[in-house]
Amino acid sequence: MNQETITLTPMPSGVLSALLAGYRSVGGFDSLLGDDGELRPHWHALLENFARLGLDGISQRGLEAQRLLHENGVTFNGRALGSAARSWRVDPLPLVIDSHEWPLLEAGLAQRARLLDALLRDLYGEQRTLREGLIPAEALFQQGWWLPPCQHSFDTERAALFSLGVDLVRDSEGRWRVIADRVQSQAGSGYALENRIVLARSMPNLYRDAPLRRLAGALADEHRALVSLAPQHREHPNVVLLTAGPGSDGYLEHAYLASYLNLPLVESLDLVVRDQRVWMRTLGGLKPVDVILRRMSDVWCDPLELRADSVIGVAGLAQAARAGNVRLANPIGSCVLEHPVLEPYWQALCERLLGEPLLLEGPEGWWCGAPDALERTLDELPGLILRSFEPGAAPVHAARLDAQGLARLRQRIVAHPDEFVAQRPLAAASGPVFDAERQRLVPKPLSLRMFCSLDSSTADGSLEEVAYRVMPGGLAWVGEPGHPSVNSEVVKDVWVLADSPQPHVSQLRQASEPLLVTRDGIDLPSRVADSLFWLGRYGERLDNRARLLREALVRLLEQDQSSVADPSLDGLLEALELEPLEAQAEGEQRFGLIRARLLSLFSPDAPDGLTTLARAVHRNSQAVRDHLGDDAWRVLNNVGEEFERCTSASVGRRACERTVPELAAFFGLCNETMPHHYGWRLMDIGRFIERCQNTLALLRLALVDTEHNGAAAWEMVLATTDNFTAYRRRYRSELHPSAILDLLLFDEGNPRSVGYMLKRLRRQIDHLPQPSSAPYRSSEQRLVIRASTTLQLADVAALAGLPHSPSAREALSALLDALLDPLGELSEAVSNSHFAHVETPRQLLEMQVQP
Amino acid sequence: MIYQLRHTTRYDYAATVTLCHSEARMLPRALPWQHCEPSEISIVPTPATRVQREDPFGNQLLYFSLEEPHVALEVSVATRLESGPRPAPVEDRLGWRESRILPPLSDPEALAVRMMTLDSAFVRRSRALADYARPSFREGGSALEGVLDLNRRVFEEFTYDPGFTTVATPLDEVLRSRRGVCQDFAHLMIGCLRSLGFAARYVSGYLETVPPPGEPRLIGADASHAWLAVHLPGSGWLELDPTNGSLPSEQHLINAWGRDYADVAPLKGVMSGGGEQRLTVAVDVEPLES
């Protein structure tokens with residue numbers, strides 16, 4: 001929307017009253033309207049600005065935000081392997097926290113972080129809180145929360161907790177109440193960042209004019225604090241973000257955060273513990289890791305000391321941390337802070353551990369194992385929320401159970417009262433959400449997640465100085481207290497207002513620039529290099545298949561259904577590795593058979609079909625999400641989107657038609673925007689090995705295999721390689737094999753020729769890291785030299801008699817073989833020398849104790 | 001009694017292992033009735049790292065890592081130790097129900113006792129276990145009477161059957177089939193006691209085997225053994241050996257204790273590579289003098 005349309009919208013006051021029409025607080029506190037039913041003062045300026053967009057304008061901005069969210073693919077990605085695809089919508093109106101109430105909330109959250117830190121150190125240290133009876137030990141020690149191997153594993157002189165996510169609601173009186181603490185894998189800060197960027201782009205005016213606290217400072221500080229955690233204060237510590245991998249929830253958020261904070265994104269197989277140190281496997285060998293920002297639940301982190309069935313953990317990690325050679329943020333063992341039994345005791349803990357009253361209270365609740373608590377719980381059961389200590393169990397709202405469910409719950413509580421905490425539900429205050437359909441604001445219950453992390457200036461100080469910094473913003477979602485954010489339909493950005501305009505930061509990314517330290521080069525994890533190589537190969541293979549299939553479908557559609565005569569179709573079937581037709585198939589039967597064979601390539605079950613290849617492309621691209629530019633990622637997200645709907649030849653043809661330029665755009669964007677580091681080179685090597693092989697196979701099909709000889713086949717080769725125009729410009733319309741060979745094999749000036757591709761491969765391979773000690777050429781170098789020399793020394797005269805002379809065909813066949821052999825070996829050689837082939841570690845057998 | 005204890009664990013691999021992280025709990029605990037001389041530990045190949053520490057249950061734990069390619073691993077521990085009689089159990093006047101009351105927090109064992117009343121990896125409390133145990137605890141009877149009777153019943157009603165169970169056989173299966181080995185019986189009785197509300201812990205160690213009269217003692221034919229201890233107000237931690245239906249004596253040498261086997265496995269590890277593995281264990285409990 002441009003400036004002109006804005007001036008044409010109705011007067012803001014009219015829009016404003018339309019927006020607010022019918023808006024009433026739903027009993028209790030409302031964050032938009034005061035008790036008197038009037039707008040709260042801090043909303044005035046922002047809402048007026050919002051209203052200036054006009055009702056349709058707001059709706060459009062909402063759609064725009066949705067589109068951006070979809071394209072970024074962090075919160076949204078149907079293809080995220082195995083992870084739950086979120087389908088939430090970001091509200092164009094942020095949730096606003098006033099500059100007057102922020103200091104209180106900020107202090108409360110910072111206190112909460114200090115409290116959790118003190119408790120964490122106590123529970124794995126002296127255990128005063130248990131010995132003094134502040135927390136019932138028989139509840140705390142329930143399996144899965146307090147992890148025995150972590151006892152005495154923390155440095156008692158320094159802060160243990162690094163960061164904290166806190167779920168909050170406002171109760172019906174407007175007081176902030178804490179619903180849950182998140183310390184293990186705090187999803188949400190990446191989403192909050194993404195929402196902020198999306199809103200800033202879709203509503204630049206609103207964003208620019210609000211005296212809004214920016215997120216960039218908090219994230220820059222988080223990075224500084226991570227760096228300061230490094231043991232022995234190494235000057236350029238290696239800080240990595242550990243994720244459970246593309247199959248896990250939140251993987252794309254991890255990739256987003258890693259990229260934003262400029263940290264290598266690693267999975268367990270990228271790391272190895274040797275000599276009680278953590279190392280990262282990179283192209284250049286093992287590189288020490290100093291700090292790990294962990295996005296993996298505690299119990300999965302180390303199969304030696306924690307869950308033995310973990311295949312996503314790193315064996316020896318707990319020992320490396322215990323030895324002080326690596327710092328984990330948060331440390332393993334922090335999961336105890338999420339134990340539901342702590343809920344009723346925060347008040348007392350705060351007074352005991354910090355000597356101050358608790359600022360942010362939770363819901364009223366009690367441990368059912370306490371004296372007399374069972375009776376009270378059973379009396380009030382239908383009105384309570386019960387939280388079992390079973391790790392991962394969701395809170396149970398007794399009011400939502402049927403009679404049978406309630407009876408079962410009662411039984412479970414009576415059997416093990418010491419395994420439950422009972423809470424009185426909180427009524428969440430309401431806040432405004434834009435209803436796009438009715439084009440007005442409606443009141444909805446809102447939950448928030450806010451984030452704290454260790455203040456970098458105190459990260460290394462003594463315990464008395466430890467302070468936490470609260471991110472001025474967060475993630476809000478529609479839902480009653482305890483409603484998980486991922487199940488919500490609507491999320492909101494959280495804006496914290498300042499008293500005065502904040503320094504303008506137009507691009508969040510720029511604000512973090514001081515942290516951008518170039519890390520490209522041989523530090524690239526070898527798993528990433530491996531995925532980039534295969535992304536190149538699969539992408540190119542998909543391109544080749546899409547071109548061949550497009551050619552085949554075009555030709556098929558041109559035919560008369562009753563007499564399919566084009567001989568090149570047989571060649572295309574062969575090039576696509578489809579079964580040849582039986583000789584007796586004729587007429588419409590023949591047409592139908594060819595069509596079915598060709599369309600089968602869109603089936604997800606076809607081993608080398610387009611759908612399968614597109615999936616391989618997506619799988620590899622997700623493993624390297626943090627290395628791809630946003631534009632490239634957006635383009636790639638669309639590749640293959642309609643393959644599974646291709647049930648007719650014309651739809652299939654269009655899908656192929658679309659895929660070719662999409663892949664070209666993707667690789668083009670990679671070439672233009674990816675730093676030309678080793679990873680990029682390996683992707684290029686993958687592409688050109690594949691393309692070279694495909695071109696050679698096509699040439700053999702059209703010029704050596706006699707059956708398909710002829711102008712139609714030659715034309716198919718030119719069309720598939722997109723060299724039709726180039727050929728015509730040189731040779732008009734006269735087709736001759738020698739000319740085709742020159743264009744596609746020998747002419748190094750033609751980027752589609754094998755000669756050019758080999759030259760490019762040679763250049764890329766010469767730039768790969770080599771063991772410095774070896775005075776000789778690497779096996780990859782020798783193979784590409786072998787192929788190039790074979791081509792350069794080829795006896796062109798011997799090929800002169802093509803297409804009819806058998807000896808010329810034999811000579812060409814021998815030449816193509818001599819080129820294909822080293823290329824096949826090259827792929828293997830690259831893989832052997834540059835990618836770590838890591839087996840998933842296994843447990844030693846255990847023997848039963850007998851007798 | 002003075003014993004020379006030797007425990008050797010050997011792994012042979014079909015393929016090369018490039019990296020292995022391990023934890024051994026093979027160093028016997030020092031106790032008022034068990035005096036241990038320093039152990040001789042031999043690990044082949046020589047570990048790149050070796051760190052000894054005390055685990056949260058007070059056991060000696062040895063972490064080591066092998067970082068060079070190898071095809072076999074052998075860990076041997078030899079310890080000379082002197083074992084004396086345990087303190088005799090004390091009968092108290094409480095009924096068994098009252099005996100389950102947790103010791104006050106001022107008691108040094110207070111936290112450990114609390115932990116041992118809860119479920120653990122191999123032992124989950126259940127009604128079936130409670131039902132099995134209850135006949136041993138008559139109304140008004142003492143806890144000591146009850147646990148001794150339960151110890152006798154497990155010994156008499158369960159069949160020792162090596163090969164029937166594995167390290168992963170669930171407790172209800174053991175209870176149903178009434179079969180198993182010492183590890184199962186220890187877990188089962190711990191489960192029974194915890195299901196009734198007592199604190200019970202798993203004890204791993206060794207038992208001197210006495211050859212039949214006239215036959216020589218076979219070296220290396222002994223094995224690890226497992227039993228349990230229950231916490232009672234008068235006696236403190238009272239050991240019980242349901243496999244033999246007895247109260248452990250000088251012949252029971254304690255290695256480690258924990259919530260269950262998972263806390264005290266003598267050797268565990270995570271390795272890269274290796275293929276098929278073959279495990280051989282030799283334990284020798286040699287009485288030197290009495």
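**Figure 1. The loop holding Pro803(A), between helix H28 (779–792) and helix H29 (806–834) of chain A.** In this predicted model, the peptide bond that joins Leu802(A) to Pro803(A) is cis. Its omega angle is about 5 degrees. Most peptide bonds are trans, and most residues other than glycine have a negative phi.

**Figure 2. A cis peptide bond from Ala329(A) to Asn330(A).** The omega angle of this bond is near -5 degrees. Asn330(A) belongs to the loop that runs between strand S11 (327–329) and helix H13 (346–353) of chain A.

**Figure 3. Gln127(A), a residue other than glycine with a positive phi.** The phi value of Gln127(A) is near 60 degrees. Gln127(A) is placed in the loop between helix H5 (102–123) and helix H6 (128–131) of chain A. Because its relative accessibility is 6%, Gln127(A) counts as buried; the cut-off for this class is under 20% relative accessible area.

**Figure 4. Arg178(B), a positive phi in a loop of chain B.** Although Arg178(B) is not a glycine, its phi is about 55 degrees. The loop in question lies between helix H5 (171–177) and strand S8 (179–180) of chain B. With a relative accessible area of 31%, Arg178(B) is partly exposed.

**Figure 5. Helix H6 (residues 182–195) of chain B and the glycine just after it.** H6(B) has 14 residues, which at 1.5 Å a residue should span 20 Å. The C-alpha atoms at its ends are 20 Å apart, in agreement with that expectation. The helix is mostly covered, with 13 of its 14 residues buried. Just after H6(B), Gly197(B) adopts a positive phi of about 105 degrees.

Figure 6. Thr9(B) counts as buried because its relative accessibility is 5%. Residues up to four places away in sequence are set aside in the following description of its contacts. Thr9(B) then touches Met26(B), Leu73(B), Glu74(B), Val75(B), Leu267(B), Leu279(B), Thr280(B) and Val281(B).

**Figure 7. Glu40(B) in strand S3 (residues 40–44) of chain B.** At 60% relative accessibility, Glu40(B) is classed as exposed, since that class begins over 50%. Apart from neighbours within four places in sequence, Glu40(B) is in contact with Ser76(B), Val77(B) and Ala78(B). Glu40(B) and Val77(B) are 37 residues apart along the chain, and their C-alpha atoms are separated by 5.6 Å.

Figure 8. The C-alpha atoms of chain A fill a box of roughly 100 × 80 × 55 Å along the principal axes. A compact globule of 851 residues would have a radius of gyration near 29 Å, and the 32 Å of chain A agrees with this. Of the 851 residues, 59% count as buried. Among contacts in chain A with a separation of 6 or more, 72% involve residues 24 or more positions apart. Chain A exposes about 33700 Å², of which carbon and sulfur atoms supply 50%. Its side chains include 86 positive and 111 negative ones, and the centres of these two sets lie 3 Å apart.

Methods: Residues numbered from 1 in each chain as written. Chains lettered and ligands numbered in written order. Predicted model: local features only at pLDDT ≥ 70, side-chain atom pairs only at ≥ 80, totals over all residues. Heavy atoms only, no water. Rg over C-alpha atoms; globule rule 2.2 N^0.38 Å. Buried < 20%, exposed > 50% of the residue type's maximum accessible area, 1.4 Å probe, protein only. Contact = heavy atoms within 4.5 Å. Areas by Shrake-Rupley, 256 points an atom, 1.4 Å probe, with all protein chains shown as cover. Lys, Arg positive; Asp, Glu negative; His and termini not counted. Charge placed at Lys NZ, Arg CZ, Asp CG, Glu CD. Helix = DSSP H or I, 4+ residues; strand = E, 2+ residues; numbered from the N terminus. Expected span 1.5 Å × (residues − 1).
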